[in-house]
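The report below is meant to be read alongside the sequence and the coordinates. Please keep both in view while working through the sections.

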Amino acid sequence: MSESDTIKVLGIAGSFRSGSFNAMALNAAVELAPEGMTVETHDFRDIPFYDGDLEAGSGIPAAAELFREKIRAADALLIVTPEYNASIPGILKNAIDWASRPPHQPFDNKPIAIMGASPGALGSIRAQLHLRQILLNVGAQVMVGPQVLIGGAGQRFSAERRLTDEASQQFVRGLMQALAAWTKRLKG
Ligand SMILES: Cc1cc2nc3c(=O)[nH]c(=O)nc-3n(C[C@H](O)[C@H](O)[C@H](O)COP(=O)(O)O)c2cc1C
């Protein structure tokens, strides 16, 4: 962990949409993080589609390398995923794929919390299960719980794009507290 003992979290949302519920949920996590934790958000839309020829010809693109460096520098990650066709969005998988390339892929042993929001009743659970499996495959220390499933997302955020549902706020707060404890436990 950083010298100041502040836990530095890198937070990403798997949606580039201006009205994204998942980006709003990420912003809520920034505000609801416990004392002693900071959450920096990162917009990774400049990462190109993975292409082995591109990698072989010119190496890992700058935007993907920046993402890797931010993961490396963070004590922990928070990934907020939408659900697309019962899985994670392609943009998120693509970013993870680029970041996972050798050498020194930065997910290894990284404490990670996941959550998600969906207008549907299931609140992104199927996407979260896939995301967990992907992250375990790259050696991340994914928290088992608490599971934060913001279902019925259309009713949980205000017109000003804030998470106003109190129960959801509590879940997000609990997740961030658990991430602080998980990170301390893993990193000492
Ligand atoms: C291609 C596509 C597939 C989707 N599949 C699902 C799904 O399987 N389950 C679900 O709950 N919502 C699904 N949705 C709806 C998304 O949850 C919804 O668009 C959500 O608002 C996306 O997240 P965002 O608000 O962060 O952009 C899908 C949306 C798209 C565009």
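What span should the 13 residues of helix α5 have at 1.5 Å a residue, and how far apart are its end C-alpha atoms?

## Helix α5: length and faces

The model discussed here is a predicted one. Helix α5, which covers residues 125-137, should span 18 Å at 1.5 Å a residue, and its end C-alpha atoms are 19 Å apart, which agrees with that expectation. The buried residues of this helix are A127, Q128, L131, I134 and L135. Seen down the axis of α5, these buried residues fall within an arc of 125 degrees, so they line one face of the helix.

The buried residues of α5 pack against several elements, namely β3 (76-80), α4 (90-99), β4 (111-117) and β5 (141-142). On the other side of α5, Q133 and N137 are exposed. Q133 counts as exposed because it has 10 C-beta neighbours inside 10 Å, where the limit for an exposed residue is 12 or fewer. Although Q133 and S87 are 46 residues apart in sequence, their C-alpha atoms are 11 Å apart in space. After the helix comes G139, whose phi is positive, near 85 degrees.

## Helices α3 and α4

Helix α3 (62-73) has twelve residues and reaches 16 Å from its first C-alpha to its last, close to the 16 Å expected at 1.5 Å a residue. Its buried residues are A64, F67, R68 and I71, and because they fall within an arc of 100 degrees when seen down the axis of α3, they line one face of the helix. The face turned away from this buried side carries the exposed residues A62, E69 and A73. The buried residues of α3 pack against β1 (7-13), β3 and α4.

In α4, the buried residues are L92, A95, I96, W98 and A99. They cover an arc of only 160 degrees around the axis, which puts them on the same side of α4. Their packing partners are α3 and α5.

## The nonpolar core

Which residues have the most contacts inside the largest nonpolar core? That core has 57 residues, and those with the most contacts inside it are V9, A25, A29, I112 and V172. Helix α1 (residues 21-32) gives the most to this core, contributing eight residues. In soluble globular proteins, nonpolar side chains tend to be buried together.

Leaving aside residues up to four places away in sequence, V9 touches M37, T38, V39, A74, D75, A76, L77, L78 and L179. A33, which is placed in the loop between α1 and β2 (37-41), counts as buried because it has 22 C-beta neighbours inside 10 Å, the threshold for burial being 20 or more. With residues up to four places away in sequence again not counted, A33 touches T38, V39 and M176. A33 and M176 are 143 residues apart in sequence, yet the distance between their C-alpha atoms is 5.4 Å.

## Surroundings of the ligand

How many residues surround the ligand, and which are the closest? The ligand is surrounded by 14 residues, of which the closest are S15, S20, N22, P82 and G120. By residue class, this shell divides into six nonpolar, six polar and two charged residues.

## Backbone features in the loops

The bond from P102 to P103 is cis, with omega near 0 degrees, and P103 lies in the loop between α4 and β4. A cis peptide bond also joins G145 and P146, with omega about 5 degrees, and P146 is found in the loop between β5 and β6 (148-150).

Positive phi values also occur in residues other than glycine. Phi of A86 is near 65 degrees, and this residue is found in the loop between β3 and α4, where A86 counts as exposed because it has 12 C-beta neighbours inside 10 Å. For N109, phi is near 70 degrees; this residue is placed in the loop between α4 and β4, and N109 is exposed, with 10 other C-beta atoms within 10 Å.

Terms used. Residues are numbered from 1 along each chain as its sequence is written. This is a predicted model: local features need pLDDT of at least 70, side-chain atom pairs count only at pLDDT 80 or more; totals for chains, interfaces and linings use all residues. A nonpolar core is a set of buried Ala, Val, Leu, Ile, Met, Phe, Trp, Tyr and Cys residues joined through C-beta atoms within 7 Å. Helices (H or I, at least four residues) and strands (E, at least two) are DSSP runs, numbered from the N terminus. Two residues are in contact if their C-beta atoms, placed from the backbone, lie within 7 Å. A residue is near a molecule or strand if its C-beta atom, placed from the backbone, lies within 6 Å of it. Ala, Val, Leu, Ile, Met, Phe, Trp, Tyr, Cys and Pro count as nonpolar, Asp, Glu, Lys and Arg as charged, and the others, Gly among them, as polar. The expected span of a helix is 1.5 Å times one less than its number of residues. The arc is that of the directions from the helix axis to the C-beta atoms.
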